[in-house]
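Have a look at the fold below before reading on. The notes that follow take a walk through some of its local features.

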Amino acid sequence: MPTFTVVPVEDVEDGSNSGAAAGGNRPISLGKIFSEEQEADSSEDPFSGDDNRRESSAFINPDMDTETYYEGKNMALFEEEMDSTPMVSSFLNKLANYTNLTQGVREHEEAEDGVRRAAVMVPHMGTFIGVYLPCMQNILGVILFLRLTWIVGTAGILGSFAIVSMCCICTLLTAISMSAIATNGVVPAGGSYYMISRSLGPEFGGAVGLCLYLGTTFAGSLYILGTIEILLLYIIPPEKVVKETTANDMRIYGTCCLLLMALVVFVGVKYVNKLALVFLSCVVLSIMATYAGAIKTAIKPSNFSVCLLGNRTLKNEMFEKCAKTDVELWNLFCDSPYLNATCDEYFALNNLTEIQATPGVLGEVINDNLWGNYGPDNMVIERKNLSSVPAEANNDKLKNYVFNDWATYFTLLVGIYFPSVTGIMAGSNRSGDLRDAQRSIPIGTILAILTTSFIYISFVVLFGACIEGVVLRDKFGFSVKTKPVISILAWPSPWVIVIGSFFSCCGAGLQSLTGAPRLLQAIARDGIIPFLQVFGHGKANGEPTWALLLTVGICEIGILIASLDHVAPILSMFFLMCYLFVNLACAVQTLLCTPNWRPRFKFYHWTLSFLGMSLCLSLMFISSWIYALVVIVIAGCIYKYIEYKGAVKEWGDGIRGLSLNAARYALIRLEEAPLHTKNWRPQLLVLCKLNSDLEVTHPRLLSFATQLKAGKGLTIVCSVLEGTYMTRGDEAKKGEQNLKAAMAAEKTKGFSHVVVSSSLRDGFSILIQSAGLGGMKHNAVLMAWPTGWKQDRDSSVRRNFIETVRETTSAHQALLVAKNIDHFPANQERLKEGTVDVWWIVHDGGLLMLLPFLLSQHKVWRKCKMRIFTVAQMDDNSIQMKKDLQMFLYQLRLNAVVEVVEMHDSDISAFTYEKTLVMEQRSQMLKQMQLSRTEREREAQLIHDRNTASHSAANDKAAGATSDRVHMTWTKDKLQNERNKHKENMAVKDMFNMKPNHSNVRRMHTAVKLNEVVVKKSCNSELVLLNMPGPPKNKKGDDNYMEFLEVLMEGLDRVLLVRGGGREVITIYS
C-alpha cells in the first residue's frame, strides 16, 4: 500500500520561512493545510460580515450560520452544497426544536394588558386529558338528557338499538379514517378542516370546512335551546315573558343566553377552558346518578306515579291525587265542582288508574317497550294493555292529556338522535396541545366512541326495562310533574339530572361558540374563499372578533327556529357531510398509494372508509332527503365558487393525485386505438413569439385559439429562446410565467412551455416533434404570419417559417397561419354581422369546412354567416359543381352559401411578368449581400495569415536570414467556394440582363389571378380562409415562396392560411 507525504512549499521571497522550507520534510496533516487556507480566504474576503450570511429557507428554523456550523466537519466533498442540503445532524436538530402551532384557544394576556410577561411553556396533554375527556364531553350532551327516553319510547328498544348502532358505527368508521389522516404527519391549527383540505384539496376543503363551521354553529343553537328548555320547563316556574306561545319564550330567553355566552367568549377563552372541567364533572355525575338509580329501581321502585284516565295519560302537574274526588282533577273535566255538574263524556265513562312510572326491571315493561309506537300529530299517548270506553272527543279537554307534539316516524328519530354522537373531532382539533398527537388521537377518540356507545346502548336497555312506555313517550315529562323523564330514574334526586344537564348544555354551547369562530378564522386565513378574508382578522391577541360576530348571527337563526327537534336534523346534515369527506379522503389516499401516505395508525382499510362514507350518505337521506339535497347543493356551490374565484393552492392533496391517475389511465387508453374521424378536433400547438421583455408579442393569437377551441381539446402554447438552458434557464421560467398570465388574460385553457435551444429553427422542430404526451398530442400548429420578413436583411425569419411548414407537413399535422393577427377580434368583442369566407381550392381533408363551424360556436363569431367559394376551370361544369357542393354541405350538416367562381385561361400579363422579374432580382441581390459567417471568418483568417507572413519575411530579411515561403493549403471545399464566389461575382454583372424563370412566372400568374378573385368577392368579409400552397420540393425555390404567399393575400385584412395534415377530419356519417 503506497503512502503519501505532503510537504508544504513556502514562498521563496519570505525570508522568515525559508529555513523551514529548506529544512523540513516532515509530514503535515491535510486538515491543517485546509484550515490555514480557509483562514486566509476569510481574512481576504471583504464581504465576510454578518450582513452577508446565506439563508437556508428550505428548513424550519433557518437561523443558524451554516458556514460556522459546518466548519471543521470532515465533509469537504459536500461543503459547496451545505446551504441547500445540510448535514443530517443539523436537519434532525432543527426538527427536534420544531414547535407545533397552537390552536388559538389560549389567552394572549400580553396583548390584552399591554404588559410583556415571561414566556410560559404550554403543558402538553396526554391521551386521557387531551383527547378522551374532550370527546366524551362533546358526545354526551343535550340529546342524552332531553330526547333519548322519548326516542326509546317511540322507536322501541329494538328500533332505538338500530338507531344508536347505525350512528355509532358511522362515527367509529369515521374515527378510524380520521386517525389514519391525523397520524400521517403533523396537524397544525384548523384540526379536522386542515386534515380534509390537505387531503382533498382547497375546493373540497373549503366546502367541507364551511359545512363543519355551520354544523358547529348550529350545534351552539342546539345546546342553547336545550339550556332554555331545561330552564323554562324544569328549573324556574312557568312564568312566560310572552303569554301566547312557548316558541316566543324560547326565542327571547335563547337570544339573551346567546348574547351572554358570546360576551363570555369575547372577554376571554380562558374562562371557558377553566369551566370545561366543571361542565364535564356535571355530565359524569349525571350518568353515574342514572346508573345508580337503575340499580335502586331494580331493588325498590321509585315513588313517581302516572295517572291514567281509561288508557290515556294525564298531565298531573295541575292535581295532586289521581282520583275523581280530587277537586283540581274534577275541575279539569267538569264545568262546576258539584256532583251534578256536566262532565266530559270520556271522563264520566272511564275510571282513573295510577301506575308506577318506574316499576323496576320487569318482563312486562320490556315486552311493552320492545316495539315502536309511532303516531300522528296530536295523538294522545295511550297504554296498550288497558281497556277504555270510547267516547266522542272533546277538543277543549284534549289539553289535559299527554299527546304527540308532532308526527313520529323512524327516519325523524335518526335525524334527531345523530347530534348526540357528533364531537369525535374534539381530540384532533387539539392536536397542537398533545404530547404525542399521532398516538393520542387514535386511542383517545376510539376509546371515547366505544365508551359513549356503551353508555347509549346501556341507557336504551335500562330505559326500556325500567320505565313505563307511556312515560317514555312523554317527551317533556308532563305525566311526572313536569320533570325530565330520565330524572325519575336518577338517584339520589332528580335535581342531579336537572342541574347536571343544564350545566352540560351551557358548557357545550360555550365550546361551540369558542370553536366555530376559530374554524372560520382558519378557513379565512387560508385565503381560499376571497369574501371571507375579513374574518381572518381579530383582536391584537389573535381572538377572532369578526368571526365571532358572524357566528353569533348564524347561531341566532337557529335560535329563532325555537325548536330543538327542528334544529337537530340541520345539524346532523352538516356533520354527516363532514364525516363523509373524512372517509372519502382516507379512501382516496389509500387507493392512490401516494408515497407520502404513511400513517402510523395501521388499523384502517379503504373498504372501511367506503363503508363509512356510504353509511354517512345513507343517514343523510334517511334523516331528511330535503335537508340532504340542500346541504349537498350548498357544498357544491361553495366548491364551484372556490374553483372559480378562490386562490390557487398546491397542498399535495389526494384529488390532484386522483386526477393524475385518471389522466394516466386515459392517456394509456387513447394509445390503444387510432383516433376516429368523428372524434377529430384541432389540438393546437400555438407558436408564440416573445419580445425582449419576454412578453407575448401577439396576444390575439391566444384569443383566436380560445375562439377556435371554445375551451375544448388540447392547447399547448409554446415559445423558443435562443441560447443554452444553463444561461437562460431563469428567462425561460419567466417567459413561461408570462405565457400563463397571457393565457389567463385571454381565457385560453391549456398548457404553456418555453424551450431554450441553440437556434429558433431547432426549437420549433423540437416542439413540433415532442410536444404533448401519448394520445394527447397536437395535430395542428397555429402561428402568426411573419409580417416584417421583407424588411429583415437576415433571411433566418424566412427560413424558419418555410422549414416549419415543411416539418408540419412531414409530421402529418395541420398548419394554420394567421395574417394580421393583431387585427383579429378579442374575446370581448361581438361581431354583429358579416361573413366568414372559405376559398376551397384543393381538398385537404375537410379542415377548411370544419374551422368556420368551430368558430361559429364561440360568441365572437356566432352571428357571422359562412360562405364557401370554389374555383372552376374551363373544363368543369360549374352548375353541377355547385349542386354537388350543396349536397355535400347538406350531408355534412353545415349551413353555408355556395358560390362557384370560374377562372378562365388568360395570357400572362406584363404586370405578372414584371413582378416575377423584380422578385427574382431581389432574391439574387440578397444572395450576394448575405455573406455567411464562415466565409467572413475564412477571409479574415486569410488576410491575417498574409499579413503575418509578410511581416515575418521583412524581419528575417533585416536580420540577414533567409525567409521561408508561406504555403497556402487549398482543400477541395476551399477551391469550390472560390469558384462559386467567382461565378456569383460574374452573376452580379448580368443581374440586370436576366430573364425570369418560366416556372416562377406561372406561379406568380396563379397567385395574381386568384388574389384578384378573392379580393373582389371577400374584401369586406370578417375572415378569409385560404388553402395554403406547400413550399417547393427544391429548396432553391424557397426565396420566391414567401413572395407568392404575399401576393396571394394582398389586399385582405384578416386571412387564415390553412394547410391540412393529410387525413380526413370531417365525415358525412353519424
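Predicted model: local features only at pLDDT ≥ 70, side-chain atom pairs only at ≥ 80, totals over all residues.

Let's start with the strands. How many strands form the open sheet, and in what order? There are 10 of them, running S6-S5-S4-S7-S8-S13-S12-S9-S10-S11, and the pairing is mixed. The edges belong to strand S6 (751–757) and to S11; each has a single partner strand, so one side of each is left without a neighbour in the sheet. On average, neighbouring strands are turned by 20° against each other, direction ignored.

| Strands | Sense and bridges | Residue pair |
|---|---|---|
| S9 (residues 835–840) and S12 | parallel, four bridges | Asp837 and Val1024 |
| S12 and S13 (residues 1055–1059) | parallel, four bridges | Asn1027 and Val1058 |

Is strand S12 (residues 1023–1027) enclosed or open? Five of its five residues are buried, so the strand is largely enclosed by the rest of the structure. Leu1023, Leu1025 and Asn1027 point one way from S12, while Val1024 and Leu1026 point the other way, and all are buried. Two of these residues also turn up in the table: Val1024 is the bridge partner of Asp837, and Asn1027 has Val1058 in S13 as its bridge partner.

**Helices**

Now for a helix pair. Helix H8 (residues 148–182) packs against helix H16 (residues 437–466) at an angle of about 175°, with their axes 9 Å apart. That angle makes H8 roughly antiparallel to H16. What is the contact of H8 with H16 made of? Its residues divide into 20 nonpolar, eight polar and no charged.

Helix H24 (residues 700–709) is another element that is mostly covered, with nine of its 10 residues buried. The buried ones in H24 are Leu701, Leu702, Ser703, Phe704, Ala705, Thr706, Gln707, Leu708 and Lys709. Notice that a lysine, Lys709, is on that buried list.

**Aromatic rings**

The model holds 23 aromatic pairs. Take Phe575 and Tyr579: their ring centres are 6.1 Å apart and their planes are at 45°, so the pair is tilted. Both residues lie in helix H20 (residues 564–592), four residues apart, or about one turn of the helix. In general, an α-helix has 3.6 residues a turn, so residues three or four places apart point the same way. Phe575 and Tyr579 are both buried as well.

Trp597 and Tyr604 make an edge-to-face pair, 5.8 Å centre to centre with 85° between the planes. Trp597 is buried, at a relative accessible area of 10%. Tyr604 is buried too, at 19%, and since the cut-off for buried is under 20%, it makes the list.

Elsewhere, one aromatic cluster is formed by Trp330, Phe333, Tyr346, Phe347 and Tyr401.

A few loop residues are worth a click. The peptide bond from Trp491 to Pro492 is cis, with omega near 15°. You'll find Pro492 in the loop between helix H17 (469–472) and helix H18 (494–526).

Then come two residues with positive phi. Ala562 has a phi of about 65°, although it is not a glycine. Ala562 sits in the loop between helix H19 (545–561) and H20, and the residue is buried, with a relative accessible area of 10%.

Arg893 also has a positive phi, near 60°, and is likewise a residue other than glycine. Its place is in the loop between helix H29 (878–891) and strand S11 (897–902). Is Arg893 buried or exposed? At 52% relative accessibility, Arg893 counts as exposed.

Technical notes: Residues numbered from 1 in each chain as written. Heavy atoms only, no water. Phe/Tyr/Trp six-rings, centres within 6.5 Å; stacked < 30°, edge-to-face > 60°. Buried < 20%, exposed > 50% of the residue type's maximum accessible area, 1.4 Å probe, protein only. Axes fitted to C-alpha atoms, helices over the stretch in contact; angles between N-to-C directions. Parallel < 35°, antiparallel > 145°, perpendicular 65-115°, else oblique. Nonpolar A, V, L, I, M, F, W, Y, C, P; charged D, E, K, R; others polar. Pairing = 2+ DSSP bridges.
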